[in-house]
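Please look over the fold before reading on.

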Amino acid sequence: MNVNDSEKIVALLRDEGYETTDNAEGADLILVNTCSIREKAAQKAFSQLGRFRMMKERNPDLILAVGGCLAQEWGQNILARAPYLNVVFGTHNIHGLPEFIRRVGNNGSRVVETAFAPSVKSLNIMARPEKGAVSAYVTIMQGCNNFCAYCVVPHLRGPEESRPAEDILAEVETLADHGVREVTLLGQNVNAYGKTLGGSPGFPQLLRAIGRIRGIERIRFTTSHPRDLSEDLMRCFAEVDAMCNHIHLPVQSGSDTILGRMNRGYTRGQYLEKIEGLRHYCPEISVTSDVIVGFPGETEADYQATLALMETVTFDNLFSFKYSERKGTAAVGFDRQVPEKVKSERLQRLQALQQEHTLKRNRMLEGRVKVVMVEGKSKNSDRDMTGRTRCNKIVNFRGGRKLAGKTCSVLIKKAHLHSLRGEPAGGAKDPCSSK
Ligand code: 5AD
Ligand code: SF4
């Protein structure tokens, strides 16, 4: 979501005459788009700012801007701490950025804009995909009303707000006209899509409408909240041809006690029922998830329940985090904080188990032919191209640059932890097509 926000910022600033550069030293404007989901992300932003501050000392004309969740949290207070910043803009203020920067340029003033404002305007800012891009993000909603006890998002991104369906469909049509064939729909809780628009269309209806747009071959979305995942949505995996067979469904914990304390709104049993439902409609669906270890009050037994849930589901991949206390969230006041050492040790064991599961799931694809949408050159070898299967696995295979943007049938030869190795499938004369 932050990557997409950055893309939107770039699109807005291009219209002001700015271009992106890889050379920070030569830049007129440096903008740091921050995240504060965990303390580590916030620390990264601080160290970046420290580095750019030194550049500004060498070049006083440099405009230094900071946006995103940390900027939202800091608000006015930041200028006392970091007076070298020219612009501080919050999560609802991206659309104002060109004007803020002009203000700085005109009179050298410092601008802090972090008010929550009704923001169809910010919802409707469109990123512009690079020339030749086949894949794009599309925002369908912002904010979150869930208030999970550990999470800072509702505090910094405001209440849930869905973007009007006609605006979303118009954007996807424009993208398709420009050659985009895969869209990833973005929102903190996409399953609640439509609630702030009177309930219609809901998320499944939106997916069906996008599935009818010519040229869109792949639809992905993130993130789904298990509580709001309806049977109708499960059915979309079977009925909408363009739907990719992958879902990211964060579970957070396998213990009912912890899920209750986290305010997640579902039990372990209900989560497992959702997985069963998804596998009923889409037997080959790949399932990924998020887990937090060391939430306040998590006992070894609670933690074991998470490992047991992992054994039951066998996730294709899992993003796991040590609980990180965030200011203003309910969990700050919770008793029985888990010591750092215990958190680290639990995380390590959990990640070792997940590695086994990831390999096991990836190995199931060995010997099979998968359709890969080619994204570009592989990072590891100039002679290889890289792309993704519909189930969102990265596949590397021998091939030249002319394959970028094409769809290839690839025989999976070897499963690794983070990717699959394949070769263009034999039989068909040309295993790749531009559709
Ligand atoms: N500490 C650790 N992990 C967190 N997440 C969100 N807030 C916290 C926190 N305070 C994780 C959740 C969420 C993912 C995006 O980040 O697992 O799904
Ligand atoms: Fe945070 Fe929970 Fe909302 Fe996800 S659903 S953004 S974890 S409050």
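This is a predicted model: local features need pLDDT of at least 70, side-chain atom pairs count only at pLDDT 80 or more; totals for chains, interfaces and linings use all residues.

Residues are numbered from 1 along each chain as its sequence is written, chains are lettered from A and ligands numbered from 1 in written order, and side-chain values use heavy atoms, without hydrogens and water.

**Sheet and helices**

Helices (H or I, at least four residues) and strands (E, at least two) are DSSP runs, numbered from the N terminus. An open sheet of 4 strands runs in the order S1-S2-S3-S4, with parallel pairing. Strands pair if DSSP finds at least two bridges between them. Strand S1 (29-34) and strand S4 (111-113) each have a single partner strand, so one side of each is left without a neighbour in the sheet. The twist averages 10 degrees from one strand to the next. S1 is joined to strand S2 (residues 63-68) by 6 bridges. Asn-33 stands opposite Gly-67 in S2.

Two helices meet this sheet. H1 lies across S1 and strand S3 (87-89), at about 155 degrees to S1. Helix H2 (residues 39-58) touches S1 and S2, and its direction makes about 170 degrees with that of S1. Contact means heavy atoms within 4.5 Å. Axes are lines fitted to C-alpha atoms, for helices over the stretch in contact, and angles run from 0 to 180 degrees between N-to-C directions.

On a 1 Å grid over the protein atoms alone, a cavity is a set of points where a 1.4 Å probe fits but cannot get out; a pocket is an open set with protein on both sides within 12 Å along at least five of seven lines; lining residues have an atom within 4 Å of a point. Volume is the space filled by probe spheres set on the points, which are joined across faces, edges and corners.

| Space | Volume | Largest share of lining |
|---|---|---|
| Largest cavity | About 210 Å³ | H1, 3 residues |
| Second largest pocket | About 1,200 Å³ | H2, 7 residues |

Nearest the centre of the cavity lie Asp-5, Thr-139, Met-141, Gln-142 and Arg-157. The pocket has Ser-6, Leu-31, Val-32, Asn-33 and Gln-48 closest to its centre.

**Ligand 2**

Residues around ligand 2 (a heavy atom within 4 Å) include Cys-144, Cys-148, Cys-151, His-225 and Arg-264.
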